[in-house]
Amino acid sequence: MSVLSFQNISKSFAKKRTLDNFNLTLEQGEVYGLLGPNGCGKSTAINILANLLDPDSGTVTFNGLPHNRQSRRCLGICPQEIALYRDLDARENLSFFAQLFGLPRPRRLSRVTELLQLFHLEQFAGIPIHALSGGWQRRVNFAVALVHSPQLLVLDEPTSAVDMEARHELWHIIEQLRLQGCTILLTTHLLDEAEHLCSRIGIMKNGSILRQGTVLELLREVPALAIATIEGPEKHCLRARAVSLGWQMRSAAGKHICLMPQTQTLAQVVQLFSGLDLASVTVQPVSLEHAYLEVIDGWQAS
Amino acid sequence: MKPAAPGSTLTEIMSQTWAISARIVREYSRQRRNLIFWAVFPALMLLLFASIYLNNAGTASSFDNTPAGILIGAALFFSCLGGTVSLIVTERERRTLRRLLVSPLHPAAYFLGVTLACCAVAAAQTFVVYLIAWLIGARFHGSIALGVAIIALSVCAYVGLGFFFGARFAKRAEDVNGPVAALGVPLLVLGGTFFPITLLPAFLLKLAFLDPVFHMNQALKRATAGETWWNLRASLLFLLAFAALSILIGIASYRQMLTEEKRA
């Protein structure tokens, strides 16, 4: 059974259509990654889910029923920015939000302790938020979204501006939450994060999801098995050679991106371009980044 | 995972009001600069006026009225009006307001929570001001219940105005002092906070009758002198009406701010 369903949602601001026939369904216990460039409508979709905005048309259902203020209680939202009371400590912040969600005192105390343990915050529980480092503040920010044990958790770029170690710890927590049956909607610009955490990924552009599926399904959007990135001064010659080999070409950051229909080793690629002046050559398997650029048409014109 | 079951609306609003109020008081208790300003400034003003009045035998009895003016103009004005404006702006700037919006917090609980927190601060300030005044020699001759009622109405009026200024005119922390000082200080002066209203020229005295601070001051000063509820009915009615009006304006401004914040 689907936990959440956006059906044909449209939303415009002034004359700009931010969401255009947006459809999305989340199944119980899955981690769904929403990717897309800035301004593609991710935040608007989250704001509609949070009941901060009403859609112009379409419906949102939660557990099969129309989404409203009551079902919003089943939702935990972790905002991108640190939204905490800086003069209070982690325990006080958690306890305060737990009280707003109506947790009775005994349950509130046990839930706060649980979360402090889950996020390894016990030793910092009594320190005011303003005295914590950015990474620890982000953990508290995340923990607050879980204080009422939500059925659906929305994470808006939860690991932006944290170091690698903290990022991996937060990933571990997200995996634990998934194992406990929590459904998670994750927005991120970090494709490795989406690849690592998400069971399904949707790629958005101009207010709607262009493609969605598992990572493997999205990789099939790239008409290649491997990617060669080639740099050299003789750009036209490089391109002509690649085209003569039957390879499709793309361009990114001034580099020639060759979509190779077969897997080739680095030595084989260099051999295929023999006689041309090559500054650098790299060969890699198709990744989510390539699929993303292919779907949103994010390559630069060659 | 099962979400928390909601309680009845009234119980929930009461619980949320308490949560908001306790949080604000706890935050204030950590902000030493605020605490010092809200306690030391009125105390210093009181000492200054004491040294003026008590040095002159002819005006020594006037010192009984001084704590009322100091409390209304130098204590509650800054904590309940300035404090509310600052609180709202901080919530907006730190994005906690947005987090509150996606929680089940009832807007009425937020308003009541802020008012309750301001009442707690006001009670502490009243205690400090009157304790110092009593130690120096001032006496409160009237009904304590009447004094508490006047202070409570003043707090409500200031909080309502605080919501109005905070929601409408102060978008950033730097904007807090401007509107409060620009409108507030003339009201304090015209309200006879720091000197007897007999010094006001006739045209200003007429204008002063429209100033809520004037009625706060006069009601509390006359209550200090032992006047009854009935004698103060005009000022009390004005204060009641003004407090109700400022709360209504404050609620309307707050609701408009929430709508804007949702769209942001």
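This is a predicted model: local features need pLDDT of at least 70, side-chain atom pairs count only at pLDDT 80 or more; totals for chains, interfaces and linings use all residues.
**Entry 1: chain B overall**

I began with chain B. I counted 10 helices and 0 strands in chain B. Read from the N terminus, the elements of chain B run α-α-α-α-α-α-α-α-α-α. I then looked up how compact this chain is. The radius of gyration of chain B is 19 Å, close to the 18 Å that the globule rule gives for 264 residues, so chain B is as compact as a globular protein of that length. I also noted the box that holds the C-alpha atoms of chain B. Along the principal axes, that box is roughly 75 × 35 × 35 Å.

Next I checked burial. Of the 264 residues in chain B, 44% are buried. Then I turned to contacts in chain B with a separation of 6 or more. Residues 24 or more positions apart account for 81% of them.

**Entry 2: chain A overall**

Chain A has 11 helices and 14 strands. Its C-alpha atoms fill a box of roughly 75 × 45 × 35 Å along the principal axes. I found that 44% of the 302 residues of chain A count as buried. I also looked at contacts in chain A between residues at least 6 apart in sequence. Of these, 70% join residues at least 24 apart.

**Entry 3: where the chains touch**

I sorted the chain A side by residue type.

**Entry 4: H3 against H7 in chain B**

I moved on to helix packing. Two packed helices are described by the angle between their axes and the distance between the axes. The crossing of H3(B) past H7(B) is right-handed.

Which residues of the two helices meet? From H3(B) I listed B:Gly73, B:Phe77, B:Leu81, B:Gly82 and B:Val85. From H7(B) I listed B:Val180, B:Gly184 and B:Leu188. The contact of H3(B) with H7(B) divides into 5 nonpolar, 3 polar and no charged residues.

**Entry 5: H3 against H5 in chain B**

I stayed with H3(B) and took another partner. H3(B) and helix H5 (residues 107–136) of chain B pack at an angle of about 150 degrees. Their axes are 10 Å apart. That angle makes H3(B) roughly antiparallel to H5(B). I noted a right-handed crossing for H3(B) and H5(B).

I picked out part of the contact. Residues from H3(B) include B:Ile70, B:Leu76, B:Cys80 and B:Leu87. Residues from H5(B) include B:Val114, B:Cys118, B:Val121 and B:Tyr130. The contact of H3(B) with H5(B) divides into 14 nonpolar, 6 polar and no charged residues.

**Entry 6: B:Leu100**

I zoomed in on one residue, B:Leu100. B:Leu100 sits in helix H4 (residues 96–101) of chain B. Is B:Leu100 buried or exposed? I found 21 other C-beta atoms within 10 Å. A residue needs 20 or more to be buried, so B:Leu100 is buried.

I then looked for its contacts, leaving aside neighbours within four places in sequence. B:Leu100 is in contact with B:Leu105 and B:Tyr110. B:Leu100 and B:Tyr110 are 10 residues apart in sequence. From C-alpha to C-alpha, B:Leu100 and B:Tyr110 are 9.3 Å apart in space.

**Entry 7: positive phi in chain A**

My last search was for backbone angles. Most residues other than glycine have a negative phi. I noted A:Asn21, where phi is positive, near 55 degrees. A:Asn21 is in strand S2 (residues 16–27) of chain A. A:Asn21 counts as partly exposed because it has 15 C-beta neighbours inside 10 Å.

Where does A:His120 lie? A:His120 is in the loop between helix H4 (105–118) and helix H5 (134–145) of chain A. With 13 other C-beta atoms within 10 Å, A:His120 is partly exposed.

Definitions and conventions
Residues are numbered from 1 along each chain as its sequence is written. Chains are lettered from A and ligands numbered from 1 in the order in which they are written. Helices (H or I, at least four residues) and strands (E, at least two) are DSSP runs, numbered from the N terminus. The radius of gyration is taken over C-alpha atoms; the globule rule is 2.2 Å times the number of residues to the power 0.38. A residue is buried if 20 or more other C-beta atoms lie within 10 Å of its own, exposed if 12 or fewer, and partly exposed in between; C-beta atoms are placed from the backbone. Two residues are in contact if their C-beta atoms, placed from the backbone, lie within 7 Å. A crossing is left-handed if the near helix is turned anticlockwise from the far one by less than a right angle, and right-handed if clockwise. Ala, Val, Leu, Ile, Met, Phe, Trp, Tyr, Cys and Pro count as nonpolar, Asp, Glu, Lys and Arg as charged, and the others, Gly among them, as polar. Axes are lines fitted to C-alpha atoms, for helices over the stretch in contact, and angles run from 0 to 180 degrees between N-to-C directions. Angles under 35 degrees count as roughly parallel, over 145 as roughly antiparallel, 65 to 115 as roughly perpendicular and the rest as oblique.
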